[in-house]
Amino acid sequence: MATTLPLTQRPAWQALEAHYRKTKGLHLRTLFAEDPRRGERLTCEAVGLYLDYSKNRITDETLRLLVNLANECGLAERIAAMFRGDKINVTENRAVLHVALRAPRDAHIYVDGADVIPEVHAVLDKMAAFATRLRAGEWLGYTGRRIRSVVNVGIGGSDLGPVMAYEALKSYSARDLTFRFVSNVDGTDFAEATRDLDPAETLFIVSSKTFTTQETMTNARTARAWCLRALGDEQAIARHFVAVSTNAVEVAKFGIDTANMVGFWDWVGGRYSMDSAIGLSTMIAIGPDNFRALLDGFHAMDEHFRTAPFERNLPALLGLLTIWYNCFFGAQTVAVLPYDQYLKRFPAYLQQLTMESNGKSTTLDGAVVTYQTSPVYWGEPGTNGQHSFYQLIHQGTKLIPCDFIGFAQALNPLGQHHDLLMSNVFAQAEALAFGKTAEQVRAEGTPEWLVPHRTFEGNRPSNVLLGERLTPAMLGKLVALYEHSVFTQGAIWNIDPFDQWGVELGKMLARRIVPELASTDQPDLKHDNSTNTLIRRYRTLRNTGR
């Protein structure tokens, strides 16, 4: 059972601190030498994903103590509360039920006494009907021409999820349709996304729960004007815009037929919403059947996380290892390195998922956190990253745990490309773990003055995640894996992974500054001296040459 002690005073935490002091000098060379079957033993396989975590700086005792920590912090109770529909997002008094978005039709999950599963599947069915019509060429634009381009307008979770999913599943997408994504309020984003599109053949999906999000609605109004300049009739808006929102009044005011509005619920956080109505562009791209396979993959990992013991639980293991390095070794980042070009946006997607969730310094009961919370997540697809930042990972002064992601089968098999790609996954993990000693370098005939430069310390930890093939179901499993790893970390740190108050202050101040930038006179600016000076300098430079 969970205790009420602060985290760092709990017996399991203190046991881990003592264990860290005892084992921090252990090298992976030694651990593998003492246990020839370590690479077979420290693995976990579930729902089609194989995790090799043997190249971590851990022993069996480390794992036992980390699982003890999870138990002391009540992780099992927190998991049950989430799946039950309890309002575990305490600062917003909301349930957290992204798991309901991918639950099967015959499941039952309740919020405030109401079963939400029928609503979820009603939305999915509505999305599928619309996607089927558009893909078949039956949804026509205002002039009677077929829609050939789809532009998703959103920001944050309403953009990062759809972009990542589209890129990840491009192999399964309808190639006779063009997909673009607009999120940045920088006008360049909209201009470049629409430069070569025909308004008569373009559909915009405006994704905003409230239909008031400043960046999204600025881009949506620009899209509306872009269409009207070409099509000339307000009636055209209803044929070229659909909404993902819950605000029917604002949607109708914009000119969108509310029959073409799909919604979601306050128990879906933005960064957990790619499998909700926010995924409409994904469903149009890959088709309803593939979208349902994506949901099935999510659900398979959900059930694994809900039922598997922590020592054989993929998300729990990833989360516990992150805590081990972040809180005890002082590692400040995690590199996620997918060796599949289709996953090029996966690290960017994880940045929001992980850091917006666990970038917190206040516990659930309002106390100041006295330990490290979320590390910085980052990465690039292999092998590109190897010619960019791997030098620092191998020989730099920072400890950077790495997650390598690879697949046994290529979606585009070309000669020896895939074997070469995957050889790099295994080689990089091996090099990080074992390095190269000075003696090995000398044995190669290296001059003594060059030996220090060619020596690799090794002992750099990594996980290798291996799947058979990048399918829609596999993508769902991967996303859910990291969702639940984030949940595991948040539960142990006793923080709320489902609010994001930290993004509000800057947005509020920006709304105050906008009219000050537009002003042509010199109002009494009431910011700090730096901000006041920057505003005045901006106005001067903006008006130069006008």
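Colleague: Which residues lie nearest the centre of the second largest pocket?

Modeller: This is a predicted model: local features need pLDDT of at least 70, side-chain atom pairs need 80 or more, and totals for chains, interfaces and linings use all residues. Numbering starts from 1 along each chain as its sequence is written, and side-chain values use heavy atoms, without hydrogens or water. A pocket is an open set of points on a 1 Å grid over the protein atoms alone, where a 1.4 Å probe fits, with protein on both sides within 12 Å along at least five of seven lines; lining residues have an atom within 4 Å of a point. Here 18 residues form the lining, and those nearest the centre are Gln341, Asn412, His417, His418 and Leu421.

Colleague: How many residues in the lining of the second largest pocket are charged?

Modeller: Nine are nonpolar and eight are polar. The charged count is one.

Colleague: What is the volume of the largest pocket?

Modeller: Its lining has 39 residues, with Thr213, Gly270, Gln500, Glu504 and Lys507 nearest the centre. Helix 7 (157–168), helix 9 (214–231), helix 15 (346–358) and helix 21 (504–518) each give two or more residues to that lining. The second largest pocket holds about 410 Å³. For the largest pocket, the volume is about 1,000 Å³.

Colleague: How many polar residues are in the lining of the largest pocket?

Modeller: Eleven lining residues are nonpolar and eleven are charged. The polar residues number 17.

Definitions and conventions: Points joined across faces, edges and corners; volume = space filled by probe spheres on them. Helix = DSSP H or I, 4+ residues; strand = E, 2+ residues; numbered from the N terminus. Nonpolar A, V, L, I, M, F, W, Y, C, P; charged D, E, K, R; others polar.
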